[in-house]
Amino acid sequence: MLIDIIILSIIYLIIYIPKYKNYKRSDFILKTLMYIYICIVLFVTILPIDWTLDLKSKYHSSIEYSYGNIKPFNDLLLGRTGSVKEIILNIIMTIPFGFLYSFLKQHITLIKIIKSIFLFSLSIELIQLLMTIFLLNHRSFDVTDLITNTIGGILGYYI
């Protein structure tokens with residue numbers, strides 16, 4: 001995890017600091033907050049990447065392993081433990097996106113926020129799916145996450 005923090009910090013220092021140096025202080029702070037927010041989301045949803053190809057990993061079942069869920073709120077409907085908590089956490093996780101993005105983009109509409117948060121969430125879910133398929137990781141695609149993340153972004157926009 002330390003290596004991930006170092007890499008993301010170097011990317012910020014090399015690419016974004018020079019790019020933002022001519023911005024107003026408030027814009028610089030907003031853009032920096034958005035970068036930090038996205039890094040935190042990456043840490044929660046994708047990083048650290050497990051590069052080991054251990055087929056007997058603790059994350060895999062020897063009986064069945066699914067790459068994802070395409071049925072909305074399936075865990076909730078099946079009464080699985082932690083499903084309500086996961087829904088709430090996914091909504092909370094993307095509230096800052098809607099909030100910060102609405103300040104970064106002037107005259108942004110609700111439709112643009114919905115598109116942006118949906119594409120952001122879809123990107124994360126697709127990366128998780130690819131990681132599961134190719135890296136034998138414990139992440140998986142879940143359509144419920146797309147829905148709840150989008151709801152969170154909308155709430156952030158209205159806040």
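**Arg-80 and its partner.** I started at Arg-80, which is partly exposed, with a relative accessible area of 46%. My cut-offs: buried is under 20% relative accessible area, exposed is over 50%, and partly exposed is in between, with a 1.4 Å probe and protein chains only. Arg-80 forms a salt bridge with Asp-75, and their closest N and O atoms are 2.7 Å apart. I count a salt bridge when a side-chain nitrogen of Lys or Arg is within 4 Å of a carboxyl oxygen of Asp or Glu. Asp-75 is partly exposed too, at 22%. I searched the whole structure and found one salt bridge.

**Ground rules.** This is a predicted model, so I keep local features to pLDDT of at least 70 and side-chain atom pairs to pLDDT 80 or more, while totals for chains, interfaces and linings use all residues. Residues are numbered from 1 along each chain as its sequence is written, and side-chain values use heavy atoms, with hydrogens and water left out.

**Overall layout.** I get six helices and two strands, running α-α-β-α-α-α-β-α from the N terminus. These are DSSP runs numbered from the N terminus: helices are H or I with at least four residues, strands are E with at least two. The chain has 159 residues, and 35% of them count as buried. Its accessible surface is about 10400 Å², with 70% of that belonging to carbon and sulfur atoms; areas are from the Shrake-Rupley method with a 1.4 Å probe, and for residues only the protein chains shown count as cover. I also looked at contacts between residues at least 6 apart in sequence: 76% of them join residues at least 24 apart. Contact here means heavy atoms within 4.5 Å.

Which elements give two or more residues to the largest nonpolar core? First, the core itself: it has 23 residues, and those with the most contacts inside it are Leu-8, Met-34, Tyr-37, Val-41, Phe-97, Tyr-101 and Phe-120. The elements are α1 (2–20), α2 (25–45), α4 (83–104) and α5 (110–135), and α2 gives the most, with seven residues. By nonpolar core I mean a set of buried Ala, Val, Leu, Ile, Met, Phe, Trp, Tyr and Cys residues joined through side-chain atoms within 4.5 Å. I then picked out Tyr-101: beyond its neighbours within four places in sequence, Tyr-101 touches Met-34, Pro-96, Ile-108, Ile-113 and Ser-116.

**α5.** I checked the length of α5: at 1.5 Å a residue its 26 residues should span 38 Å, and the end C-alpha atoms are 36 Å apart, which agrees. The expected span is 1.5 Å times one less than the number of residues. Buried residues in α5 include Ile-113, Ser-116, Ile-117, Phe-120, Glu-125 and Gln-128. Their cover includes α2, α4, β2 and α6. Leu-130, also in α5, is partly exposed at 47%.

**α6.** Same check on α6 (residues 143–158): its 16 residues should span 22 Å, and the end C-alpha atoms are 23 Å apart, which agrees. Among its buried residues I noted Val-143, Asp-145, Asn-149, Gly-152, Gly-153 and Gly-156. The cover includes β1 (68–69), α3 (74–77), α4, α5 and β2 (141–142). From Gly-152 I looked across to Ile-88: the two are 64 residues apart in sequence and 9.0 Å apart in space, C-alpha to C-alpha. Ile-88 is in α4 and partly exposed at 44%.

Ile-15 is in α1 and counts as partly exposed at 47%.

Most residues other than glycine have a negative phi. Where does Phe-73 sit? Phe-73 is in the loop between β1 and α3, its phi is near 60°, and it is partly exposed at 26%. His-107 has a phi near 60°, lies in the loop between α4 and α5, and counts as exposed at 74%.
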